[in-house]
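User: I would like to learn how to read features in a model like this one. Can you take me through it step by step?

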Amino acid sequence: MKLHLTGPSDKHLNETITITGSKSESNRSLLLAALYPTISIENLSNSDDAQVMEQGLKITEGTVDIHHAGTAMRFLTGYFASQKGKEVILTGSKRMTERPIKILVDALKSLGADISYVQDEGYPPIKIKGQRIVKDKVSLPANVSSQYISSLLLIAPSLENGLELELVGKITSVPYIKMTLGLLEEIGVTTSFEGNLIKVSRKTNVAPTKLVVESDWSSASYFYSICALSDPGTEITLSAYKKESLQGDSVLAEIYNSFGVETTYGENKITLKKTAKQVATENEFDLANAPDIAQTIAVTCFGLEVGCHLIGLHTLKIKETDRLEALDTELSKLGATISVTDKTLTLLPTKTIKADVAIDTYNDHRMAMAFAPLAMRTTLFVNDAEVVSKSYPDFWNDLKQLHFTIKEL
């Protein structure tokens, strides 16, 4: 599906949008509910990833195909490895077979898991024979994807002796680790996180518990971008959000203040308001704890005709696509002066934004959604626009609510 996007004629917006539950919280909650059936979930994400995760957890033998869902690949690896009697082959899309899994597999095997590679060493598909895991100490490099770490922590309370996880080196994705530990504590699991050592105690039974999933802050980022690119006085209200969020991407409120967007917290909602604040021509952000909003921020800066230097992006190369190279390619097509390394992105202030450029999305939902707000400043095409269903199926309809003109070609 190819779309042509034109922004609203009136750049002074005033709308309310309801956003589906967080994909990150949903997938964690689904795994915990599979381990402890007394858990119920409200405001579950309607994303492809959450649906794939939910379906995968119901399978006891045979092939589990998680398509493009990286979170499901990591979480289900830990889950099936700890489920004695279950035997599956865990696989996914072509891109998924290129995304490394070795660090997590090695950690699980050191605990006693039975996992083997079906094709290439270190990559999916993998064959898992569930085992009763009794070892309780394991270590991981601290700078790996937080999903590897969370995969181990989520199954930890169901293991025979709980788990002590040592993170070696400088920890980078602390908010996502804390999200996992926060959910464990919400269901009554005892945890500790001191220095580089995380301890999770065994929990045999969980009292009936309702987990209410907060709406997705990564999805909110696109509305922050639209607000930043709109006229002063614009107000966009988003629900359902809370000030004390478990999600690392809630740092958006602080970052977008630099771009003239004020965030006001209400009861289960936030209101974004564009002010007349002057935006700095150079902006630097360390996104090691919130890498999923890097694309949105880079595109926002380009649309505002200001520069940015983003660091802490080392995990972006193994996402749905190599997001740094993809940003370099697509922003350059629009007229940007940009350079990337394996962990940084530098964008220079650009005065000219080309019109009717076709943005390629690389099977990456965030590429489609991060570039869409640029329609506030120019007209553009988005190729393979249906990819947004991975995390936010209602995205294009919600943009129409903000008076974007969207034509399917």
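This is a predicted model: local features need pLDDT of at least 70, side-chain atom pairs count only at pLDDT 80 or more; totals for chains, interfaces and linings use all residues.

User: How many salt bridges does the rule give here?

Analyst: The rule asks for a side-chain nitrogen of Lys or Arg within 4 Å of a carboxyl oxygen of Asp or Glu. By that rule the count is 16 salt bridges.

User: Which residue forms a salt bridge with Asp 136?

Analyst: Lys 137 does, and the closest N and O atoms are 3.6 Å apart. Asp 136 has 24% relative accessibility, so it counts as partly exposed. Lys 137 is exposed because its relative accessible area is 54%. The cut-offs behind those words are under 20% for buried and over 50% for exposed.

User: Where do Arg 366 and Asp 292 lie in the chain?

Analyst: The two side chains meet in a salt bridge, 3.8 Å from N to O. This pair links distant parts of the chain, 74 residues apart. Arg 366 sits in helix 11, residues 365–371. Asp 292 is in the loop between strand 16 (282–286) and helix 9 (294–303).

User: Are Arg 366 and Asp 292 buried or exposed?

Analyst: Both Arg 366 and Asp 292 are buried. They also belong to a network of salt bridges, in which Asp 292, Arg 323, Asp 364 and Arg 366 are linked.

User: Which residue forms a salt bridge with Glu 305?

Analyst: Lys 351 does, with the closest N and O atoms 3.9 Å apart. Again the pair links distant parts of the chain, here 46 residues apart. Lys 351 is in the loop between strand 19 (345–347) and strand 20 (357–359). Glu 305 is in the loop between helix 9 and strand 17 (307–311). Lys 351 counts as exposed because its relative accessibility is 67%. Glu 305 is at 28%, so it counts as partly exposed.

User: Which residues line the largest pocket?

Analyst: Start with the volume, then read the lining. The largest pocket holds about 190 Å³ of space. Glu 305 and Lys 351 are both in its lining. By type, the lining divides into 3 nonpolar, 2 polar and 4 charged residues.

User: What is the volume of the second largest pocket?

Analyst: About 160 Å³. Its lining includes Asp 48, Asp 49, His 67, His 68, Asn 363, Glu 386 and Lys 390. The lining divides into 4 nonpolar, 4 polar and 4 charged residues.

User: Last, contacts. Which residues does Ile 41 touch, leaving out those up to four places away in sequence?

Analyst: Ile 41 touches Ser 29, Leu 30, Ala 33, Leu 211 and Val 213. Leu 211 is 170 residues away along the chain, yet the two C-alpha atoms are separated by 4.8 Å. Ile 41 is found in strand 3, residues 39–42. Its relative accessible area is 25%, so Ile 41 is partly exposed.

Key: Residues are numbered from 1 along each chain as its sequence is written. Side-chain values use heavy atoms; hydrogens and water are left out. Buried means under 20% relative accessible area, exposed over 50%, partly exposed in between (1.4 Å probe, protein chains only). Helices (H or I, at least four residues) and strands (E, at least two) are DSSP runs, numbered from the N terminus. On a 1 Å grid over the protein atoms alone, a cavity is a set of points where a 1.4 Å probe fits but cannot get out, and a pocket is an open set with protein on both sides within 12 Å along at least five of seven lines; lining residues have an atom within 4 Å of a point. Grid points are joined across faces, edges and corners, and a volume is the space filled by probe spheres set on the points. Ala, Val, Leu, Ile, Met, Phe, Trp, Tyr, Cys and Pro count as nonpolar, Asp, Glu, Lys and Arg as charged, and the others, Gly among them, as polar. Contact means heavy atoms within 4.5 Å.
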